[in-house]
Amino acid sequence: MNRLENYEVLNQLKYIDGITIIDNKGTILFTIKFNPRFHSETLEREEILGESLFSVFPTLNEKSSTLLNALKTGRPIFKGKQEIVDFMGRKIETTNISLPIRAHGKIIGAIELSKERRKEDSIPNNVIEINSDMFKGDKRLLENIRPERAKYTLKDIITDNEEMKNLKHLTEKIAKGSSPVFIYGETGTGKELFAQSLHNASTRAEKPFIAQNCAAIPEALIESILFGTIKGSFTGAENNPGLFEIAEGGTIFLDEINSMPIHLQSKLLRVLQDGYIRRLGDRNIRKVDVRIITASNKRPEDCVKDKDMRLDLYYRLCVMTLNIPPLRERKNDIKPLLDFFISKYNVLLHKNITNVSKEVYDFLLRYNWPGNVRELEHIVEFAINQMDEWEDTLQMKDIEERVKNFIRHSEEEFQIEPLKDAVARLEKIMIEKAIHQTKNNVSQAAKLLEIPRQTLQNKIRLYEIVPKS
């Protein structure tokens, strides 16, 4: 903190309610309270001078005491939030400025200026207050739900973005049917969140919800896991139901469907068309009643184009589609998501973060979010894990190490290529964004890109860009 920032912190306190000085062993050398609602100076002088800080305030410890932290680390603490119960049982909430005292190059003690916290105290201009109501300590979201049950609902999809609100409304409508649904979007956008919400909004909500990532199963095992086995079908095989039988009456969610081997996709097609499965090695077929939701981080048309999905399966899976936009295209969701994740990890990690510095918030708005909502949550969890109990404001120092790692990782993945190829790839991305933003209106997209409409049409054909529905 520079001198100007120090002055601003002191100015925000406006006044102080008390001063406490301790030596390097934590013994109280001096204390005075100006606030009449605090206990009297006379009582303090008689009973706590010369006493250990922890014996006077037994609820404090080396981690939660801002005064002890300043003493041990040698670093000043500005606006540290603290809640204490004194030796007479009185609860006091304060905002503290705690400073180490040095003499001849050594720390010999620490001094603390305290102000009683009140609800009417205004929030400083350089911080943004957290809306703790976004989470409300909803323990249901922290519980271990049975693996065949979906815990998320549409109410759990937090958004201020109009496109996301429209997706929620569409999800609620298609949940009433039984048609297959294909969800696509980048990694970390919340595809399974939508899948679970769709299931819970349907008439199948009380039935199983089975999720399986197709890329996580070895190719040799995927058929037996999905469709089951009979005893003797291969060495060690027993009579076991597959995921489709386990999901009977409910929903099966197949993530990264484009990773499923092509020869197995024909079996999946039969389930979609006829509602029958055949266990591995079995001669008999079995009827199943399961709604299928699939997902991919690629557009379904690209899955077909790249030969990762059969065309006939595409037509069956994509009866209804949901396209989840990346976080960088819905920056107005960063504030409510930030509020939610901070409130969530306050509960999980027993912290009390109530503010975010404007510097952090501005950075989050500028950042490109390659990992989307999942990356935002991981950054918040990382920051709160390393923050002290007395801290109440998320600051840049708390996230910069994790952000550096992300940037370093991105740089390591960057590869040199012919400049014309790099320019062409960027040009394609910008055109796709413009087409998407203008809802497939070529004239408006051309205006955004500041190129003639005919030029844009030529480039759409050149790059084989398929407008998103």
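How many residues of strand 11 are buried? 5 of the 5 are, so strand 11 is largely enclosed by the rest of the structure. Buried here means under 20% relative accessible area, exposed means over 50%, and partly exposed lies in between, with a 1.4 Å probe and protein chains only.

Some ground rules before I go on. This is a predicted model, where local features need pLDDT of at least 70, side-chain atom pairs count only at pLDDT 80 or more, and totals for chains, interfaces and linings use all residues. Residues are numbered from 1 along each chain as its sequence is written, and side-chain values use heavy atoms, with hydrogens and water left out.

The chain as a whole, then. The protein chain has 18 helices and 17 strands; these are DSSP runs numbered from the N terminus, helices being H or I of at least four residues and strands E of at least two. Of its 469 residues, 44% are buried. The chain exposes about 25300 Å², with 51% of that supplied by carbon and sulfur atoms; the areas come from the Shrake-Rupley method with a 1.4 Å probe, and for residues only the protein chains shown count as cover. Taking contacts between residues at least 6 apart in sequence, 67% join residues at least 24 apart. Contact means heavy atoms within 4.5 Å.

Two strands pair if DSSP finds at least two bridges between them.

Strand 11 covers residues 251-255 and pairs with strand 14 in the parallel sense over 4 bridges. With strand 8, strand 11 pairs in the parallel sense over 5 bridges. Phe253 of strand 11 is the bridge partner of Ala211, and Phe253 has Ile293 as its bridge partner in strand 14. Thr251 stands opposite Arg291 in strand 14.

Thr294 is buried, with a relative accessible area of 0%. Beyond its neighbours within four places in sequence, Thr294 is in contact with Val181, Phe182, Ile183, Phe253, Leu254, Ile257 and Leu317.

For contrast, look at Phe30 in strand 2 (residues 28-33). Phe30 is partly exposed, at a relative accessible area of 30%.

Last, a helix pair. The axes of helix 17 (residues 442-449) and helix 18 (residues 453-462) come within 9 Å and cross at roughly 100 degrees. That makes helix 17 roughly perpendicular to helix 18. Axes are lines fitted to C-alpha atoms, for helices over the stretch in contact, with angles running from 0 to 180 degrees between N-to-C directions. Angles under 35 degrees count as roughly parallel, over 145 as roughly antiparallel, 65 to 115 as roughly perpendicular and the rest as oblique. Val442, Ser443, Ala445, Ala446 and Leu449 in helix 17 meet Arg453, Leu456, Gln457 and Ile460 in helix 18.
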